[in-house]
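The sequence and structure are shown here for reference.

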Amino acid sequence: MEYQNKLVLAPMVRVGTLPFRLLAAQYGADITYGEEIIDHRFIKCERRVNEVIGSTDFVEKGTESVVFRTCPEEKNRVVFQVGTSDAVRALTAAQLVCKDIAAFDVNMGCPKSFSISGGMGAALLSKPELIHDILTTLKRNLDIPVTCKIRLLKSPQETVELARRIERTGVSALTVHGRKVADRPRDPAKWNEIADVVAALSIPVIANGDVLEYEDFQRIKVATGASSVMVARGALWNASIFSPNGKLPWEDVKRDYLRKSILWDNDVKSTKQTLKEMIMHYSCLELPEGKAINKACNLADLAKLYGEEKYYQSVRGSCLF
């Protein structure tokens, strides 16, 4: 995995499943992160080859839920992101999936209460010894790149010091989200503080925050000196942000996403959530389209809503679901 001049899809809960990752890659994303998956859950999974649709599934024993789905097409660009607070559990999760992914990333920036209460995500930012333990354990035992994603600390100096400690663990790259834990998405990302980290490190730094148009990839790269650039909301609202030819109409992107969800038998709750996130940026969920998505019980209902019944039937017929 190379980290120079790459356009990167950020990890997004309930959104970063296989169809959305493939959609982003189709439009130009070089590296695609899956949604954060908690180690406690993932280590209960078993790897299964899904010959019906050509995917590799990690299925939770007992519930039979597909926790992570990938395919050979994305093997050289997909990054698995784990939520963890324990080096042994992180390694157990990594060893289960490492042959099917391009890199393994540790989430150290999620500010959500479920993550912090479990000692994961942004809770790790105040535990440099635990960070060192997790990352060095992964580095010693894996043959694929190990990376992590952090947020800004209270001061630029603290962020730089933590970043230097992370670099010393031997990670291949570091992603820096230009906001602090208490910041909200509406608060401007502090590109200048990402630049401080870039200047202090010799490993590649991936800059993240306020990339909403294709032109922003170059703007943040110039402002920070980062090796590569990661985008979250901008891609969620319109995944064709990765295309140098300009964005496609969001209606087209939405339909393309649905077709990929049908093709890869994506979880209907995840598909509905992603469609609703797209709609909320451009429209309103109280309009007929949003209400119809809420009422949809399965992918067939969504296919009917968007006039994709023939495609749905053709996929179902060829795959023998």
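This is a predicted model: local features need pLDDT of at least 70, side-chain atom pairs count only at pLDDT 80 or more; totals for chains, interfaces and linings use all residues.

Six bridges connect strand 4 with strand 5 (residues 55–60) in the antiparallel sense. Within this pairing, N50 has S55 of strand 5 as its bridge partner, and C45 stands opposite E60 of strand 5. The hairpin of strand 4 and strand 5 has four residues between the strands, and in it G54 takes a positive phi near 80°.

T56 finds its bridge partner in strand 6 at T70. The hairpin of strand 5 and strand 6 has five residues between the strands, and here G62 adopts a positive phi near 95°.

How many of the residues of strand 5 are buried? Six of its six residues are buried, and the strand is mostly covered. In a regular strand the side chains alternate between the two faces of the sheet. Accordingly, S55, D57 and V59 point one way from strand 5, while T56, F58 and E60 point the other way, and all are buried.

E64 is located in the loop between strand 5 and strand 6. Is E64 buried or partly exposed? Its relative accessibility is 46%, so E64 counts as partly exposed. Between the C-alpha atoms of E64 and C45 the separation is 8.8 Å, although the two residues are 19 residues apart along the chain.

## Aromatic pairs

The structure contains nine aromatic pairs. One of them is formed by F20 and Y257, whose arrangement is edge-to-face, with 6.0 Å centre to centre and 70° between the planes. F20 belongs to helix 1 (residues 18–27) and Y257 to helix 10, so the pair ties together parts that are 237 residues apart in sequence. F20 and Y257 are both buried.

F68 and F80 form an aromatic pair that is also edge-to-face, at 5.1 Å centre to centre and with 80° between the planes. This pair links distant parts of the chain, with F68 in strand 6 and F80 in strand 7 (residues 78–83), 12 residues apart. Both F68 and F80 are buried. One aromatic cluster comprises F42, F58, F68, F80 and F104; among its members, F58 is one of the buried residues of strand 5 and F68 lies in strand 6.

## Helix 10

Helix 10 covers residues 250–263, a total of 14 residues. From its first C-alpha to its last it reaches 20 Å, close to the 20 Å expected at 1.5 Å a residue. After helix 10 comes D265, whose phi is positive, near 50°.

Which residues of helix 10 are buried? They are W250, V253, K254, D256, Y257, L258, K260, S261 and I262. An α-helix has 3.6 residues a turn, so residues three or four places apart point the same way. Y257, listed among the buried residues of helix 10, is the residue that pairs with F20.

A further contact to an aromatic ring involves R259, which lies over the face of Y311 at 3.9 Å from the ring centre.

## T147 in strand 9

T147 is part of strand 9 (residues 146–152). Why does T147 count as buried? The reason is its relative accessibility of 2%, because buried means under 20%. The side chain of T147 is joined to that of D105 by a polar contact of 2.6 Å.

Key: Residues are numbered from 1 along each chain as its sequence is written. Side-chain values use heavy atoms; hydrogens and water are left out. Helices (H or I, at least four residues) and strands (E, at least two) are DSSP runs, numbered from the N terminus. The expected span of a helix is 1.5 Å times one less than its number of residues. Buried means under 20% relative accessible area, exposed over 50%, partly exposed in between (1.4 Å probe, protein chains only). Two strands pair if DSSP finds at least two bridges between them. Rings of Phe, Tyr and Trp (its six-membered ring) pair if their centres lie within 6.5 Å; planes under 30 degrees apart count as stacked, over 60 as edge-to-face and the rest as tilted. A charge sits over a ring if NZ of Lys or CZ of Arg is within 6 Å of the ring centre and within 35 degrees of the ring normal. A polar contact is a pair of N or O atoms within 3.5 Å; within protein, one must be able to donate a hydrogen and the other to accept it, and residues adjacent in sequence count only if both atoms are side-chain atoms.
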